[in-house]
Amino acid sequence: MKQYRVLFDTLEWQSPIHGTRLKVFRSGIKQLRLVEFTSEFVEPDWCEKGHIGFVIQGELEIDFRGQLVRYPEGSGIFIPSGSASGHKGRSVTPRVLLFLVEDI
């Protein structure tokens, strides 16, 4: 029988960029990510990937090429992929914890 449960507690934290860390589970063409941003995180480039997720803790602000949108704790996130929805995120609070479902 296939395992239909992801235990994030068993996954190792990765730190690809200063001020952020994440846990990733990949299956097929999808991935689940548990992402933590701190106030030290600065996104170097505009992201054009799509994201669907939920703000578990803290408050996130996303810059959509000049239009700032805040996502407080409990907010859902739906960003389609493509240059028209290019974005950069930053933590408004000292720490933000997100759960994201994405295409690989």
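## Ser75 and its loop

Ser75 is buried, with a relative accessible area of 16%. Buried means under 20% relative accessible area, exposed over 50%, and partly exposed in between (1.4 Å probe, protein chains only). The residue lies in the loop between strand 5 (67-71) and strand 6. Strands are DSSP runs of E, at least two residues long, numbered from the N terminus.

The side chain of Ser75 reaches the backbone oxygen of Pro72 at 2.8 Å. Ser75 also touches Gly53, Phe54 and Val55, leaving out residues up to four places away in sequence. Contact here means heavy atoms within 4.5 Å.

## Basis of the values

This is a predicted model, in which local features need pLDDT of at least 70, side-chain atom pairs count only at pLDDT 80 or more, and totals for chains, interfaces and linings use all residues. Residues are numbered from 1 along each chain as its sequence is written, and side-chain values use heavy atoms, with hydrogens and water left out.

## Nonpolar core

The largest nonpolar core has 15 residues. Leu60, Tyr71, Ile77 and Leu98 have the most contacts inside this core. Strand 1 (20-27), strand 2 (30-38), strand 4 (60-64), strand 6 (76-79) and strand 8 (95-103) each supply at least two of its residues. A nonpolar core is a set of buried Ala, Val, Leu, Ile, Met, Phe, Trp, Tyr and Cys residues joined through side-chain atoms within 4.5 Å. In soluble globular proteins, nonpolar side chains tend to be buried together.

What does Leu60 touch, not counting residues up to four places away in sequence? Its partners are Phe37, Val69, Arg70, Tyr71, Ile77, Gly89, Arg90, Val92, Val96 and Leu98.

## Ile79 in strand 6

Ile79 is found in strand 6. It is buried, with a relative accessible area of 4%. Leaving aside neighbours within four places in sequence, Ile79 contacts Lys49, Gly50, His51, Ile62, Phe64, Ser85 and His87. Phe99 is 20 residues from Ile79 along the chain, and their C-alpha atoms are separated by 14 Å.

## Largest pocket

About 800 Å³ of space lies in the largest pocket. Of the 35 residues that line this pocket, Arg33, Cys47, Lys49, His51 and Glu102 are the closest to its centre. A pocket is an open set of points on a 1 Å grid over the protein atoms alone, where a 1.4 Å probe fits, with protein on both sides within 12 Å along at least five of seven lines; lining residues have an atom within 4 Å of a point.

Strand 1, strand 2, strand 3 (51-57), strand 4, strand 6 and strand 8 each give at least two residues to the lining. By class, the lining has 20 nonpolar, 7 polar and 8 charged residues.

## Segment before strand 1

Leu11 sits in the segment before strand 1. It is partly exposed, with a relative accessible area of 24%. Beyond four places in sequence, Leu11 is in contact with Val6, Lys23, Val24 and Phe25.

## Arg65

Most residues other than glycine have a negative phi. Arg65 is found in the loop between strand 4 and strand 5. It is partly exposed, with a relative accessible area of 41%.

Terms used
Helices (H or I, at least four residues) and strands (E, at least two) are DSSP runs, numbered from the N terminus. Grid points are joined across faces, edges and corners, and a volume is the space filled by probe spheres set on the points. Ala, Val, Leu, Ile, Met, Phe, Trp, Tyr, Cys and Pro count as nonpolar, Asp, Glu, Lys and Arg as charged, and the others, Gly among them, as polar. A polar contact is a pair of N or O atoms within 3.5 Å; within protein, one must be able to donate a hydrogen and the other to accept it, and residues adjacent in sequence count only if both atoms are side-chain atoms.
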